[in-house]
Amino acid sequence: MSTAIAKPLALIAELTHRCPLHCVYCSNPLELQNRANELTTETWSRVFKEAAELGVMQADLTGGEPLARTDILELVRAARTAGLYVSLITSGMPLDETRLAKLIDAGLDHLQLSFQAAREETANEISGTKAHAQKLRVLDWLKQVRVAVTLNFVIHRSNIDQIEQMLALAESSSATRVEFANVQYYGWAFANRERLLPTRAQLDRSIETLKSAQDRLRGKIRIEYVVPDYYAKFPKPCMGGWGRKLMLITPTGEALPCHAAQIIPGLHFENVRNRSLQEIWETSEAFQKFRGEDWMQQPCKTCDRREQDFGGCRCQALLLAGDASATDPVCSLAPTRAKVDAILQAANTPSHPASSLNTADWLYRPNPT
Amino acid sequence: MPERALRLNGPSLEIVERCDGKRSVRQIISELQQIYSKAEPKKVETDILDYLARLNDQRAIDFA
């Protein structure tokens, strides 16, 4: 194990948990924070400066909906002035042409626009609100301005059969990058998993479609896709390895190694209100906890793949195996893989309840005040 | 680039530095042929074109 701690590539700044959308797979925690507890403009500005000094290259401004912050222009400017590449990860809801122009003027490098589906009806059901038409307007405005654009589609059982239409939407836009990210099962998505997990046949078809689109659109649009790891043979290198590449700051200032880390019992998180980013990154208990290999159990400890996937995802290990230090149960070598296989078997039976459920069965995330 | 970064050194840095929206590909090639005057000019040209094509495939650059 190398003793030098690598520098983080990106700072994921969750500026707020407020959001006009209620997506059933939201990556925010089940317990959402209110506006009153959010970090101030000044604190975020200091955090961006400290991040750049630490070696961070990119700031991903996200939420919730980052545009719910009335100081978003100042925050973009602060991150850009600090020398960071600034991305805005947005639903596009609180946006109009004037605000878009101001964001770009403030130094925005890249805008990632989320779509919940290609068909309006599906999109509105998943987001629990009428959001799709506004997103199409944003797509038009983006053609008129100079900013890098990514479209992000979160993929699941109800929209995986719309990938062709999603690709058509991307091709009609100014996006040079499209993400097809299958739902990862934590928090809200874990609660809604039964209705979200696609079938094996759906997944196979989608991969075939995406592979041929990658060839067809090479040099025009870069297509990235994430498969649902329940179907994978080996786990994902979650967050590029714990405390190796990414640092997430919650709306209230807690520094986390990943989106879901707060579910791990007994883990204490430092707050940027009273600790420097460098101190947190290099020495805090939470970032040290699963860094390197010392924490690993068998079969990870002696596995040839341990430097590729770092044992997979700690939160998934907790959720499915009941132990955050266990091998990620999606790994085919994990002693607990049978649990994942049982979930997949249920998702692939013809009598699966997802086909008979209705909108009322979703657990939607609320919008905190 | 969103969610990734290029590690640039030596010739790759020389090339990307010149992708400034003003120089043409032809100009970039000729400038680098002068810097790497000991190398075979045709080889310099092919290497640059290959590298730019790779960056374009990754959508790290746009050709105007």
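Helix 2 of chain B and helix 3 of chain B are oblique to each other; angles under 35 degrees count as roughly parallel, over 145 as roughly antiparallel, 65 to 115 as roughly perpendicular, and the rest as oblique. This is a predicted model, where local features need pLDDT of at least 70 and side-chain atom pairs pLDDT 80 or more, while totals for chains, interfaces and linings use all residues. Residues are numbered from 1 along each chain as its sequence is written, and chains are lettered from A in the order in which they are written.

Stay with the two helices. The axes of helix 2 (residues 25-35) and helix 3 (residues 41-57) of chain B come within 9 Å and cross at roughly 135°. Helix 2 of chain B brings Val25(B), Ile28(B), Ile29(B), Leu32(B) and Gln33(B) to the contact. Helix 3 of chain B brings Pro41(B), Val44(B), Glu45(B), Ile48(B) and Leu52(B). Residues are in contact if their C-beta atoms, placed from the backbone, lie within 7 Å.

Now the two chains. 12 residues of chain A are in contact with six residues of chain B. On the chain A side, strand 4 (110-115) and strand 5 (148-155) each give two or more residues. Strands are DSSP runs (E, at least two residues), and helices are runs of H or I of at least four, numbered from the N terminus.

Last, Asp328(A). Asp328(A) sits in the loop between helix 13 (314-321) and helix 14 (337-347) of chain A. It counts as buried because it has 28 C-beta neighbours inside 10 Å; buried takes 20 or more, exposed 12 or fewer, partly exposed in between. The C-alpha atoms of Asp328(A) and Cys313(A) are separated by 5.7 Å, 15 residues apart along the chain.

Terms used. Contact = placed C-beta atoms within 7 Å. Axes fitted to C-alpha atoms, helices over the stretch in contact; angles between N-to-C directions.
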